Amino acid sequence: MLPEIRLHPLMALLLLALVGCATTQDGADGARLELSGRLIHLDRMAMPPQATALVQVRAFTPDGVEVIASSEQALGGRQVPIPFTAVAPARTGTAAEVVELRAAVELDGRIIRASEPVPVFARSGEVDVGEIMLHQFNALSFGTAFDCGGTEVVFGEIGEHPVMRVDVEQFSMRQTRSASGVRYEAVGDPATVLHAKGSNAVVSVRGETLAECAMASKPAQPFRATGNEPPWIATIDTDTLTLVTEYGAQTRSIALLDTQQSGSVTRYRASDGELALVMTASRGVCHDSMSGMPHPYSVDLASAQGVLRGCGGSPMDLLAGKEWEITRLNDAVPLSDSRITLRFLPEDGRVAGGTSCNRYNAAFELSGESLSFSRAASTMMACPEPVMRQERKFHRVLAGINAFDIDGAGMLVLIGSEGRLFARPMPIEDSN
């Protein structure tokens with residue numbers, strides 16, 4: 001069944017932690033970490049006069065998470081920018097920890113705006129963290145994310161009200177009866193449905209069914225991310241983040257303190273007492289800045305030296321696990337009553353499918369910069385000439401492919417010297 005995701009406990013926990021203690025005692029030696037900044041937002045809606053600005057500073061350590069400072073101020077109609085100060089004891093010694101600041105605005109017991117966590121790479125002194133951006137509080141960021149053939153669907157509950165987001169469109173949902181699993185339909189639109197069974201779901205939007213949806217999970221380990229200018233490689237494996245820099249001359253293994261997933265974002269916090277890192281992996285096609293190769297995650301790696309940006313995950317994860325149905329062969333739509341497909345089989349290093357008339361398979365090679373096909377073999381059935389002509393054209397284009405991409409609609413684009421193939425993702429069990 002779809003995991004129950006109710007936001008009340010999450011809101012209550014956030015409020016309790018944020019309101020906490022308004023002040024924190026200085027360390028015995030009088031040293032302290034004083035964080036100041038300004039809360040801002042870009043939307044034009046004014047802050048309600050009864051609203052309260054909340055700031056929380058947390059320390060992630062091998063022993064868990066500790067609130068080390070917080071502040072609370074009634075706005076009384078005050079608008080952005082809203083200055084704030086939060087004071088914590090100095091973070092002395094070489095204990096492994098990651099310190100983060102997060103802000104929110106509360107109204108009548110509800111969070112109405114919140115910021116993303118902001119890493120703080122300082123142990124003492126006065127630190128200006130600058131402008132902290134507040135966004136409309138989106139309960140769905142705590143929801144269950146599904147990958148529906150490249151389309152992201154997030155399901156959550158705002159209070160007692162189920163909500164589904166498909167890409168940027170949001171639907172109010174209500175639960176309906178189902179013989180198996182759990183089923184929701186949009187209020188006033190019974191053709192917009194989410195029907196979940198275990199970790200899979202079927203989603204329809206106004207009667208159009210998306211590709212089968214699989215519950216998104218944390219990136220599979222080992223999870224590798226890379227970036228350029230300067231070059232870096234970060235690998236998450238079990239309880240360690242390994243960072244390689246200086247073209248391989250510097251390698252550092254750092255203990256993971258915390259891994260947290262919110263919707264389609266996974267945040268890793270790591271520290272060895274001298275170096276603290278926060279790596280954020282956001283699900284969505286990311287193109288390597290040098291090769292252009294697509295990857296399934298965009299990655300930010302933050303440290304005291306700044307933020308490095310790159311891509312993460314294996315490009316193969318964008319290709320495997322589904323069947324692709326050709327929707328365009330160069331500029332031509334496939335013949336009616338014909339179906340051309342490809343399915344990547346990474347364990348065999350081959351791709352297989354049908355061309356309406358014959359079955360085929362070919363070897364493929366996916367490198368850090370290209371995708372190519374070779375050694376194609378096919379059955380030898382004869383079909384009407386238009387179908388055979390289309391089949392020959394497909395094989396010719398496939399043989400010239402040297403790159404691929406996933407477009408904004410989740411479509412596969414195969415690019416080569418003889419033209420392009422466009423394909424949509426289909427569930428494997430529905431093929432043939």
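Two rings of Phe, Tyr or Trp (taken by its six-membered ring) count as a pair when their centres lie within 6.5 Å; planes under 30 degrees apart are called stacked, over 60 edge-to-face, and the rest tilted. The exercises below concern a predicted model, where local features need pLDDT of at least 70 and side-chain atom pairs count only at pLDDT 80 or more, while totals for chains, interfaces and linings use all residues. Residues are numbered from 1 along each chain as its sequence is written, and side-chain values use heavy atoms, with hydrogens and water left out.

**Exercise 1. Aromatic pairs**

Find out how many aromatic pairs the whole structure holds, and describe the one formed by Phe 155 and Tyr 184.

Step 1. Searching the whole structure gives 6 aromatic pairs.

Step 2. For Phe 155 and Tyr 184, the centres are 4.6 Å apart and the planes make an angle of 50°, so by the cut-offs this pair is tilted.

Step 3. Now place the two rings. Strands (E, at least two residues) and helices (H or I, at least four) are DSSP runs, numbered from the N terminus. Phe 155 belongs to strand E11 (residues 151-158) and Tyr 184 to strand E14 (residues 182-186), so their pairing ties together parts 29 residues apart in sequence.

Step 4. Check the burial, where buried means under 20% relative accessible area, exposed over 50%, and partly exposed in between (1.4 Å probe, protein chains only). Both Phe 155 and Tyr 184 are buried.

**Exercise 2. A strand meets a helix**

Describe the ring geometry of Tyr 360 and Phe 394, then locate both residues.

Step 1. Tyr 360 and Phe 394 make an edge-to-face pair, with 5.4 Å from centre to centre and 65° between the planes.

Step 2. Tyr 360 sits in strand E30 (residues 359-366) and Phe 394 in helix H3 (residues 385-399); at 34 residues apart, the pair links distant parts of the chain.

Step 3. Tyr 360 is buried at 3% relative accessibility, and Phe 394 is buried at 0%.

Step 4. Follow E30 onward. Two strands pair if DSSP finds at least two bridges between them. E30 and strand E31 (residues 371-378) run antiparallel and are joined by 6 bridges. Ala 363 faces Ser 374 of E31, and a hairpin of 4 residues connects E30 to E31.

**Exercise 3. Charges over rings**

Which rings lie under the charged end of Arg 269 and under Arg 328?

Step 1. The test asks for NZ of Lys or CZ of Arg within 6 Å of the ring centre and within 35 degrees of the ring normal.

Step 2. Arg 269 has its charged end over the ring of Phe 60, 4.0 Å from the centre.

Step 3. Arg 328 is placed over the face of Phe 422, at 4.0 Å from the ring centre.

**Exercise 4. Nonpolar cores**

Identify the residues with the most contacts inside the largest nonpolar core.

Step 1. Such a core is a set of buried Ala, Val, Leu, Ile, Met, Phe, Trp, Tyr and Cys residues joined through side-chain atoms within 4.5 Å.

Step 2. The largest core has 27 residues, and the ones with the most contacts inside it are Leu 342, Phe 344, Phe 394, Phe 404 and Leu 412.

Step 3. Another core lies apart from it, with 26 residues, including Ile 68, Ala 103, Val 120 and Leu 134.

Step 4. For background, nonpolar side chains tend to be buried together in soluble globular proteins.

**Exercise 5. Strand E2**

Is strand E2 enclosed, and by what partners is it flanked, or where does it stand open? 

Work out how many residues of strand E2 are buried, and which strands join E2 by bridges.

Step 1. In strand E2 (residues 52-61), 10 of the 10 residues are buried, so this strand is largely enclosed by the rest of the structure.

Step 2. Thr 52, Leu 54, Gln 56, Arg 58 and Phe 60 point one way from E2, while Ala 53, Val 55, Val 57, Ala 59 and Thr 61 point the other way.

Step 3. Strand E3 (residues 64-74) runs antiparallel to E2, with 10 bridges between them. Leu 54 is opposite Glu 72 of E3, and the two strands form a hairpin with 2 residues between them.

Step 4. Strand E5 (residues 98-107) is also antiparallel to E2, joined by 9 bridges. Here Val 55 is opposite Ala 103.
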